[in-house]
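Please open the structure in your viewer and keep the selection tool at hand.

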Amino acid sequence: MDVEPLEAVVGILLISAALIGALSLRPGLSLHVEYSRDAVARSIASVYAYCYVHKYAYGPLNGTELNATLANWTAAVSLDSGLNFTVELLISNGTDVVGNVTVFNQTIRGDRSVVEKPTPVYLPPNGSRGGYIVPGRDVYRYGTSDLRMDYMRAYVIYVELPSGTPLEAKNVSVEVDLPFRDCAECVGAVNCTNCPPDHTLSGNANEDNFVYSFEDRLNPIEYCWYDNGSVCVISPYAGTETDKATFTFVYDPGGLNMTAQAEATVREKSTVPNRPWVDVDKHLLMIGDTLHISYGAAANLTVYRLIDGKVLIFVAWVSNYEWELTNPLEVAPGPFAVHMTHGDDEYNSSNAIIIAPYILVVRVVASGGV
Amino acid sequence: MRKALVFLASMVPVLMFGGYAILYLRGQYVSNPAALESAVELATIQLFETPGDWSASPPVVGLALTEGSGNFTLIWPYVVDPTKLEGLSTLSYEDMRRSLVAAGLDVRIALYAYNASEGGFETDPILTLGTPVLRESALSRVVYVYLAGDATVDGDTLSEGFYKVVVTVTG
């Protein structure tokens, strides 16, 4: 059979078109391994972020416990998935990364996926607020021979719950009810005719970056006396009698009436060792700051959160300490007491600080899966 | 004329073969690996990175935990809301399938508990939702999640903690 040249060309073109059409429908390259590795890295980053916020910053675990829990889980994920990981916790003040710690570290080789997940360390308000008082000292002392007493120094912080974000509370009024002998006790005891005035301190708190403080004292402590001026009874109390003073801080904007109240122990000074005050160089701390704590004697330092008692740091037997807020596993937001105690913790001193909420960035590098 | 007819007749097999090849490969589109990759990726993202819309009818499936309300809503990807997991288990398969994958595909979700003392995940799933049948093409994605509270599914309790999830799309 003869084939004309034109027919041959047309035939070849049709066959070519059919083959090209078939070839153009071949499937693309598979990215399954890369997608899988990305998904695992994303899931690790998110779970770390959640656990950090809910189990450490606002939860029961301390830094060491959280680190161990997550590291063991990550090791199981690595074994199960065949991937290697490094996980870093970075904390940011919104502008810079000011602290970091590596919580999981395996060798990274070959193709890798990098995920950085930022998370605000802030829990939405639940509609409630709290006021927390930190007495400057436990026990406050008074003297029956010199009629001098310690300053009744205390601090209060008002916060949104559960985040612990500080509230600005202008015009905080303070009242301190002291346990010294009152008129009824004087008259009832030995028929005194002249009574001491009401043993109450009052005034307005001073503000220092959302921490409100009060400090005042009776000077001298007055007591009961007869008409001829002689003393009926020694006032306030003699010996080892103890009693309670009550601090009341009131912030009352437009009838909101946020009241914080706390009791403190008052005792005759011959029975109580004299303790220094705790001083801090700042009350409001942002991530990346350093807090200078000074105390006039060596003691055990604890920083614990007022909302739930969570302990951030414990340093044994120190008189001055510089605490750098850069380790994510040592920093949680909220109002805190800076507490110095001696071995028996019966006589101690405190100050108050706030750590503002910050941003946590979880950085995960995953490799492998080929 | 005879030659032209012979030529046309000789081209018929070529055209029939080419047409058959194109139609056959087009029919493979839905279940080829690239299509399944996209489907399983999207299903996984929707399940674990979005909170879903459980007030819709039928619900838009998403298991990510959310916090806050009003102007402030925080979404926790790969942190499973136990209430939503319970809701997913009571959803009909057809509603779940249509929410997660395209027509012609099926989906299965299997959860494996983390055993902290053993340092690994259980080999048998503690919960399986979706199709029991895998067809000729199937692709799985593994992710690791945290269940943010106890969940009760079919009378069994899944405790708060870490889980491995295998999402399988088949077609």
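The stops below begin with a sheet in chain A and end with the domains of chain B. Please bear in mind that the model is predicted.

**Stop 1: the sheet of chain A.** Select strands β1, β2, β3 and β20 of chain A. They form an open sheet of four strands in the order β2-β1-β20-β3, and the pairing is antiparallel. Which strands stand at the edges? These are β2 (97–105) and β3 (112–120) of chain A; each has a single partner strand, so one side of each has no neighbour in the sheet. From one strand to the next, the twist averages 20 degrees.

**Stop 2: one pair of strands.** Keep β2(A) selected together with β1(A), which comprises residues 83–92. Seven bridges join these two strands in the antiparallel sense. Within the pair, find Leu90(A): the residue opposite, in β2(A), is Asn100(A).

**Stop 3**

**Stop 4: a helix in chain B.** Now select helix α4 of chain B, residues 93–100. Which of its residues are buried? Met96(B), Arg97(B), Ser99(B) and Leu100(B) are. Because they cover an arc of only 165 degrees around the axis, they lie on the same side of α4(B).

**Stop 5: the domains of chain B.** Finally, colour residues 1–29 of chain B as domain 1 and residues 31–170 as domain 2. The centres of these two domains of chain B, taken over C-alpha atoms, are separated by 47 Å.

Note on methods: Residues are numbered from 1 along each chain as its sequence is written. Chains are lettered from A and ligands numbered from 1 in the order in which they are written. This is a predicted model: local features need pLDDT of at least 70, side-chain atom pairs count only at pLDDT 80 or more; totals for chains, interfaces and linings use all residues. Domain bounds come from an automatic or database domain assignment. Two strands pair if DSSP finds at least two bridges between them. Axes are lines fitted to C-alpha atoms, for helices over the stretch in contact, and angles run from 0 to 180 degrees between N-to-C directions. A residue is buried if 20 or more other C-beta atoms lie within 10 Å of its own, exposed if 12 or fewer, and partly exposed in between; C-beta atoms are placed from the backbone. The arc is that of the directions from the helix axis to the C-beta atoms.
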